[in-house]
Amino acid sequence: MTTHSATLQSGPEAKVVDVVIQDGHALVAIDNPPVNPLSVSVRKGLMEAVRLVNEANCATAAIVCAGRTFVAGGDISEFAGPPPLPHLPDVLDAIEASQTPFIALMHGTVLGGGLELALACAWRIADEKTRFGLPEVTLGLIPGAGGTQRLPRVIGLERAARMAANGKPVNAKTFEEFGGLDLVFNGDQMAALAAFRDTLPARPENTSARAVEDADLTALKAEITKSAKGADAPMIALETTALAAKLSFAEGSKIERQTHLDLRASSQSRALRRLFFASRSVTRPERLKALEPAAISHVAIVGGGLMGAGIAAASLAAGHRVTILERDVESAEAGRSRVEEIIAKDLASGRITEQKAEARRAAFAAGADYAAASDADIAIEAVFEDPEVKRAVFKQLSDVMSETALIATNTSYLDPNLISEGMPGPGRFLGLHFFSPANIMKLVEVVGTSVTSDQTMATAFAFARGLGKIPVETGVCDGFIGNRILSAYRRQADYMVADGASPYDVDKAMRSLGMPMGPYELQDRTGLQISWANRKRQLAAGTWPGRYVDIADKLCEMGRQGRGSAAKKGWYDHTDGTGKPDPEVLAMVASWRAEHGTTEQSFTTDEIVVRIMAAIVNEANLILEEGIATSDTAVDIVWTEGYGFPKHLGGPMFWAEETGMDRMREAFEAIAAQSPGSWKAAGVFKA
Ligand code: NAI
């Protein structure tokens with residue numbers, strides 16, 4: 001047996017699917033970079049491969065993939081139109097029915113169509129690091145080539161229904177325990193294939209011909225309904241998988257295929273696919289593509305508080321050396337403990353091995369001497385939200401760091417131009433706005449000043465992507481893209497509370513849309529004092545836009561500053577840990593209205609949602625008109641990744657289009673009339 005590695009290399013002469021026959025066995029090699037999706041050329045190549053191996057009467061045919069993974073899915077770019085021939089179900093049926101039995105020889109991520117392909121093979125063997133899954137639901141779809149019908153015939157109904165409904169991959173060990181694999185190997189896949197062929201088991205009954213034992217899925221259904229949070233595909237995937245116990249493979253697959261095709265056209269799937277593509281394009285701005293990002297090895301972080309510690313943990317996880325700088329040695333030790341706590345949690349939960357934890361601890365230092373930042377390639381400032389403190393930090397960093405190193409601020413609202421003004425090497429300063437908890441949340445707003453160089457932006461984007469983040473470019477304004485929209489959201493919520501809505505009804509309405517929390521629950525969680533300080537700053541600067549409702553200020557004055565405050569109260573009463581609506585708050589709101597002579601209005605759930613969304617969509621359009629955001633998808637990425645807006649609704653801009661701009665305009669006119677002088681209309685809403 002000679003090695004076939006030559007046929008697995010990419011090159012101008014390489015075919016997408018290449019068949020090499022040797023010693024009576026065939027190797028069917030797929031090479032469709034970057035992740036070997038089942039594009040039409042691959043499907044055609046596989047059909048042809050089945051014909052060839054049967055014609056040559058091969059004893060076995062092993063499907064193997066070049067590059068970092070086995071087939072990682074279908075070709076999503078084909079999903080917008082009718083699928084070109086041959087269709088995947090027909091290709092897979094041909095593989096299953098082939099006289100020459102097929103072996104799936106796998107590594108990397110075997111996902112979606114990749115797993116469906118493997119399930120059609122007679123045997124499945126995989127490297128021990130391989131992962132298997134049906135992630136179609138994350139794009140609002142279900143499998144469309146027999147996945148929901150073959151998988152239960154291999155691993156049992158309940159396990160298959162869970163994998164199809166939650167979309168989460170399982171590792172090789174688990175998949176083997178489920179009965180999904182014939183062999184798990186470590187290392188050389190060609191050697192593993194040779195060994196497997198040498199002791200080839202008897203050909204098993206075709207998967208599609210097997211019977212499926214029925215199972216009680218009641219508990220799983222409840223679990224999926226809860227986790228889906230309004231997304232349709234997970235329950236449809238579960239129900240379709242359940243058909244395997246009731247119908248023949250042919251009948252079940254027919255329904256599966258039709259459901260898959262119908263879902264392709266659904267609003268939820270279009271929303272999710274658009275976000276999927278946008279999260280790739282938004283994170284790689286066109287104008288930066290030609291620039292080579294500078295290498296980052298050492299990351300300095302000033303301020304080891306909540307945000308600094310999270311950013312440090314994310315940087316360590318990406319393999320960087322990290323130094324936290326604090327005001328004094330005591331604060332540095334506090335920062336160190338915060339970072340070590342995150343590492344310990346990752347270790348305890350099994351997310352990382354002891355070896356990795358140790359490597360992260362070894363790459364980490366904390367202290368109070370800025371000299372430690374002298375060889376850092378990037379510094380990120382995460383000290384108190386005070387422009388003078390931040391300027392002093394920037395000055396100290398500029399003094400010790402090389403002029404080519406990047407210096408960034410994690411400010412939530414302040415202008416990075418003012419923080420860096422007058423300092424040497426102006427092109428290297430920028431804002432990198434992480435979200436809390438920074439070691440988990442993927443969004444990072446990348447804020448260029450008026451003089452930040454493109455080279456700096458290219459390096460910052462590459463650095464953020466390297467942390468596994470989703471960087472989105474934003475221009476400078478109060479709150480950048482995300483928090484500026486959040487301010488509009490809160491303002492409209494406050495106007496409705498002032499005019500008659502209960503804050504608890506506002507929260508309920510926004511949860512009914514699919515938000516994880518309403519605006520008042522969120523304030524209780526993050527603390528009311530931050531936005532209070534921000535409102536005071538805007539009032540003092542004369543930049544508060546329009547009508548001012550000071551109900552939240554009154555709560556702060558009453559000592560009700562949120563769940564974490566001494567009183568353990570905010571909009572809700574958290575004293576027993578549950579967060580109950582509080583009659584004291586309602587009484588305060590009622591007397592506020594009486595004092596202001598308010599004629600109370602009532603708002604339905606739908607009115608609350610659509611009015612808040614009108615405020616959000618108006619602000620988002622203003623942001624686009626001002627060039628703060630580069631595209632409507634950028635806004636949608638920010639709000640789905642940073643603020644919990646449901647991904648299956650596509651983000652505020654997509655939601656508005658689907659809801660209808662006429663309806664949005666009507667709602668905008670209503671909020672503008674409710675609070676005259678408070679809403680500057682975006683172009684789309686101008687009379
Ligand atoms: P924090 O109060 O938890 O941490 C601030 C840290 O900075 C403290 O450990 C403090 O000792 C240190 N510090 C203060 N002055 C310093 C100096 N001169 N030199 C060195 N260290 C100094 O605050 P948090 O929440 O981490 O916020 C930090 C920054 O991140 C702020 O600008 C905030 O607006 C921004 N931010 C906060 C988010 C949040 O959810 N908390 C989200 C995104 C950004």
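Predicted model: local features only at pLDDT ≥ 70, side-chain atom pairs only at ≥ 80, totals over all residues.
View 1. Histidine 320 is found in the loop between helix H12 (306-317) and strand S11 (321-325), and its side chain reaches the backbone oxygen of isoleucine 296 at 3.3 Å. Leaving aside neighbours within four places in sequence, histidine 320 is in contact with Ile296, Ser297, Val299, Ser315, Ala363, Phe463 and Leu467.

**View 2. Residues around the ligand.** The ligand is surrounded by 23 residues, of which the closest are Met307, Glu326, Glu385, Lys390 and Ser412. Lysine 390 places a polar side-chain atom 2.7 Å from an oxygen atom of the ligand, while methionine 307 has a polar backbone atom that is 2.8 Å from an oxygen atom of the ligand. An N or O atom in the side chain of arginine 327 is 2.9 Å from an oxygen atom of the ligand.

**View 3. The packing of helices H11 and H25.** Helix H11 (residues 267-281) and helix H25 (residues 632-642) pack with their axes 10 Å apart and at an angle of about 100 degrees, and H11 and H25 are therefore roughly perpendicular to each other. On the side of H11, the contact is made by Arg274, Leu275, Ala278 and Ser279, and on the side of H25 by Asp632, Thr633, Asp636, Ile637 and Thr640. Sorted by class, this contact of H11 with H25 has three nonpolar, three polar and three charged residues.

**View 4. Isoleucine 30 in strand S2.** Isoleucine 30 lies in strand S2 (residues 25-30) and is buried, with a relative accessible area of 0%. When residues up to four places away in sequence are not counted, isoleucine 30 touches Val16, Val17, Asn36, Val42, Leu46, Ile63, Val64, Cys65, Ala66, Val71 and Leu117. One of these, alanine 66, is 36 residues apart from isoleucine 30 along the chain, and the two C-alpha atoms are separated by 6.3 Å.

View 5. Most residues other than glycine have a negative phi, and most peptide bonds are trans. A cis peptide bond, with omega about 0 degrees, joins proline 33 and proline 34, and proline 34 is found in the loop between S2 and helix H1 (40-55). Asparagine 36, which is also found in the loop between S2 and H1, has a positive phi of about 55 degrees although it is not a glycine, and asparagine 36 is buried, with a relative accessible area of 1%. Asparagine 57, in the loop between H1 and S3, has a phi near 55 degrees, again a positive value in a residue other than glycine, but asparagine 57 is exposed, with a relative accessible area of 54%. The peptide bond from leucine 85 to proline 86 is cis, with omega near -5 degrees, and proline 86 lies in the loop between strand S3 (60-65) and helix H2 (88-97).

View 6. Lysine 168, in the loop between helix H5 (157-166) and strand S8 (170-171), is exposed, with a relative accessible area of 56%. Apart from neighbours within four places in sequence, lysine 168 is in contact with Phe132 and Met163. Serine 420 lies in helix H16 (residues 416-420) and is buried, with a relative accessible area of 8%. Not counting residues up to four places away in sequence, serine 420 touches Arg391, Phe394, Phe429 and Thr449.

Terms used. Residues numbered from 1 in each chain as written. Heavy atoms only, no water. Axes fitted to C-alpha atoms, helices over the stretch in contact; angles between N-to-C directions. Helix = DSSP H or I, 4+ residues; strand = E, 2+ residues; numbered from the N terminus. Parallel < 35°, antiparallel > 145°, perpendicular 65-115°, else oblique. Contact = heavy atoms within 4.5 Å. Nonpolar A, V, L, I, M, F, W, Y, C, P; charged D, E, K, R; others polar. Buried < 20%, exposed > 50% of the residue type's maximum accessible area, 1.4 Å probe, protein only. Near = heavy atom within 4 Å. Polar contact = N/O pair within 3.5 Å; in protein donor to acceptor, adjacent residues only side chain to side chain.
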